[in-house]
Amino acid sequence: MSQENNLSLAYRVAPEHGGERLDRFLAAAANLSRTRVKSLIEAGYASIDGATATDPSHQLRAGQIAALRLPPPADPAPLGEHIPLEVVFEDEHLIVVDKPAGLVVHPAAGHESGTLVNALIAHCGASLSGIGGVRRPGIVHRLDKDTSGLLAVAKTDAAHHGLAKLFADHGKSLPLVRAYLAFVWGTPTRPSGTIDAPLARHATGRQKIAVVPPGRGRRALTQWRLIESFASEASLISCRLETGRTHQIRVHMAHIGHPVLGDPVYATGFKSKTARLPLAARACLASLSRQALHAAVLGFPHPVTGVQLHFTSALPPDLRRLRDVLAGEEIARP
């Protein structure tokens, strides 16, 4: 066993433990409850031979190194906060919200309160089940803080299990539709295309994601379609995800030379192009203070009833204004 700052534990799988479940092995080795270990694994705190492992039932092989990171002590559950929510669908099992830009999804370091989870706990109250042993909403997919749009959240254990399976499949064999609207720099030379480029953590900037050679990262596939172009300086495109990697659209569009407008991480090399925009567009982009990306379409079968659900979200006011000024329209919508 190795231990670092009492927060990281690593164990080599002895021959007699070969074939044992990851959660059972780590729970016994670390002297923790299996429920606690299972929740940590599902949250991405476990690894096998250095690769993140999120399946508690994964069967280990003799000689592998199974590791578990223990997060700093925290309250057992976030507190409810009365934050306004735009609810587009809700029943006893799940809720779909239209998240505004600027709202963090889940409490984390630096954002312990004022998040979507805090808002959902207050909104749902006692209707939440004990997901993972704690009464809280089940987050199975996320949007960046500064990305707006549709987000589905489980309220019950059954819905959490079904949604997690659905989003882990990324639409490969199960019916899941996710489409985003993005304003990007320049105009693609084709009306549509596919970006098939693996992604991994950036070699030096650990907060960034980068396209890497095949075999070194996780496969990422984005289908894009041109909707509207604005004097060759910018375009509105639709992106449909066939995988769900961190920052996928932002990295993929930058990879093909069309980064998302306002992206503070992946469009830094395009700041000089701002001067080529009309004055009104420059002012609008400067006031945007976020990447111009919106989760516009979300469709999936209800995880409990099986009824097909399909939701759409129009561009929010800040992106509607951006579209208007890019198009040269004098009167912006409210």
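**Pocket, strand and cysteines in a predicted model**

In this predicted model, the second largest pocket holds about 190 Å³ of space.

Q: What makes a residue part of the lining of the second largest pocket, and which residues lie nearest its centre?
A: A lining residue has an atom within 4 Å of a pocket point; the second largest pocket has 14 such residues, and Leu-261, Gly-262, Asp-263, Lys-271 and Leu-285 are the ones that lie nearest its centre. By class, this lining divides into seven nonpolar, four polar and three charged residues.

Q: Why is Cys-124 called buried?
A: Buried means under 20% relative accessible area, and Cys-124 has a relative accessibility of 8%, so Cys-124 counts as buried.

Q: Why is Cys-239 called buried, and how do you know that Cys-239 is in no disulfide?
A: The relative accessibility of Cys-239 is 0%, which is under the 20% cut-off, and therefore Cys-239 counts as buried. A disulfide requires two cysteine sulfur atoms within 2.5 Å, whereas the cysteine sulfur nearest to Cys-239, that of Cys-284, is 20 Å away, so Cys-239 is in no disulfide. By this rule the count of disulfides comes to zero.

Q: How do you know that strand β11 pairs with strand β14?
A: Pairing needs at least two bridges between the strands, and five bridges join β11 to β14 (residues 221-230), so the two count as paired, and they run antiparallel. The partner of Ile-195 in β14 is Thr-222.

Terms used. Residues are numbered from 1 along each chain as its sequence is written. This is a predicted model: local features need pLDDT of at least 70, side-chain atom pairs count only at pLDDT 80 or more; totals for chains, interfaces and linings use all residues. Side-chain values use heavy atoms; hydrogens and water are left out. Buried means under 20% relative accessible area, exposed over 50%, partly exposed in between (1.4 Å probe, protein chains only). Helices (H or I, at least four residues) and strands (E, at least two) are DSSP runs, numbered from the N terminus. On a 1 Å grid over the protein atoms alone, a cavity is a set of points where a 1.4 Å probe fits but cannot get out, and a pocket is an open set with protein on both sides within 12 Å along at least five of seven lines; lining residues have an atom within 4 Å of a point. Grid points are joined across faces, edges and corners, and a volume is the space filled by probe spheres set on the points. Ala, Val, Leu, Ile, Met, Phe, Trp, Tyr, Cys and Pro count as nonpolar, Asp, Glu, Lys and Arg as charged, and the others, Gly among them, as polar.
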